[in-house]
Amino acid sequence: MKYERIRKIVLDAILDAVGQGLIKGTSGNIALRDDEDDVVAITPSGIAYSTMTAEDIAIVDMNGKWLDGPYKPSSEVPMHTAVMRARPDVKATVHTHAMFATIMAMGDGEIKATTPPQCEFVPVRVVPFTMPGSDDVADKVVEALGEEGRACLIKNHGMFCCGKDMKAAMSATVYTEEMAVTEYHARLLGTYEPMPQEAVDAMQALIKADQAV
Ligand SMILES: [Zn+2]
């Protein structure tokens, strides 16, 4: 099997996301860029994840052109490859319709960190709704992430996260959903209070210093 390593990582990640309840049915998609060749492994469109094998994972080029695999790549391929083209530091991307991120995406602002580990992934901006699978949504996600962004929400749709490897992209996904869960419940209780900006800045400086080691 060609590109076995990246196909296996994508398969493991999608099963992990399903196991954690971040992905339901055939929604959501995950992609990983190969370190040497300019190809991307991405989940196929409309295939049940529970019975998926590594060979079923599609391979596309950096412009989303289908190169290998028995099933058509995810219809969201433009979003994944656009972010990878814009951000050479990004090797892995995760798009899910996780429930609380989707709920919080209906707001117009951004979601904020409420606990120290979440600081790595803020700001999390909201991208206005555009048709799924379009170049338009891909451009808006690229814009919302900017040069260093790790996560954004897409209005009436879900979230999009990225990282230097699959572990980092999955971590952004887990913590973005956690941020959304926390804010949703705290707002219902009337106790919502995000971390002060100075504390977020201090945490981000610590995280950066730690990652530089
Ligand atoms: Zn979607």
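Reader: Which residues does Val141 touch, leaving out those up to four places away in sequence?
Author: In this predicted model, Val141 touches Met79, Val83, Val127, Cys152, Ile154 and Phe160 once residues up to four places away in sequence are set aside.

Reader: And what about the largest nonpolar core, how many residues does it have, and which have the most contacts inside it?
Author: The largest nonpolar core has 62 residues, and those with the most contacts inside it are Val10, Ala41, Val141, Cys152, Leu153 and Met159. Helix H5, covering residues 166-189, supplies the largest share of this core, namely eight residues.

Reader: Back to the helix around Val141: which residues of H4 are buried?
Author: Val137, Ala138, Lys140, Val141, Val142, Ala144 and Leu145 are buried in H4, and the buried residues of this helix pack against H2, strand E7 (124-127), strand E8 (151-154) and strand E9 (158-163). H4 is followed by Gly146, which has a positive phi, near 65°.

Reader: How would one describe the packing of two helices in general?
Author: One gives the angle between their axes together with the distance between the axes.

Reader: Then at what angle do H2 and H4 cross, and what is the distance between their axes?
Author: The axes of helix H2 (residues 77-86) and helix H4 (residues 135-145) come within 8 Å and cross at roughly 40°, and the two helices are therefore oblique to each other. On the H2 side the contact is made by Pro78, Met79, Ala82, Val83 and Ala86, while H4 contributes Asp135, Val137, Ala138, Asp139, Val141, Val142 and Leu145. The crossing of H2 and H4 is right-handed.

Reader: What about H1 and H5, at what angle do they cross?
Author: For helix H1 (residues 4-19) and H5, the axes come within 11 Å and cross at roughly 20°, which makes H1 roughly parallel to H5. The crossing of H1 and H5 is right-handed. Ile9, Ala13, Asp16 and Ala17 in H1 meet Met166, Met170 and Thr173 in H5.

Reader: Switching to loops, where does Gly28 lie, and is Gly28 buried or exposed?
Author: Gly28 lies in the loop between H1 and strand E1 (29-33), and Gly28 counts as buried because it has 23 C-beta neighbours inside 10 Å. Not counting residues up to four places away in sequence, Gly28 touches Ala17, Ile23, His95, Thr96 and His97.

Reader: Is Thr51 buried or exposed?
Author: Thr51, in the loop between strand E2 (39-42) and strand E3 (58-61), counts as exposed because it has 7 C-beta neighbours inside 10 Å. Thr51 and Leu15 are 36 residues apart in sequence, and their C-alpha atoms are 9.8 Å apart in space.

Reader: And Met195, which residues does that one touch?
Author: Met195 lies in the loop between H5 and helix H6 (197-212) and touches Ala113, Thr114, Cys119 and Val200, again not counting residues up to four places away in sequence. Met195 is partly exposed, since 18 other C-beta atoms lie within 10 Å.

Reader: Last one: which residues does UniProt list for the domain "Class II aldolase/adducin N-terminal"?
Author: UniProt, in an unreviewed entry, lists residues 8-184 under that domain name. In the model, the end C-alpha atoms of residues 8-184 lie 35 Å apart, and the span is 33% helix and 21% strand.

Conventions. Residues numbered from 1 in each chain as written. Predicted model: local features only at pLDDT ≥ 70, side-chain atom pairs only at ≥ 80, totals over all residues. UniProt positions renumbered as here; feature names shortened; annotations may be inferred. Helix = DSSP H or I, 4+ residues; strand = E, 2+ residues; numbered from the N terminus. Core = buried A, V, L, I, M, F, W, Y, C linked by C-beta atoms within 7 Å. Buried ≥ 20, exposed ≤ 12 C-beta atoms within 10 Å, placed from the backbone. Contact = placed C-beta atoms within 7 Å. Axes fitted to C-alpha atoms, helices over the stretch in contact; angles between N-to-C directions. Parallel < 35°, antiparallel > 145°, perpendicular 65-115°, else oblique. Left-handed = near helix turned anticlockwise from the far one by under 90°.
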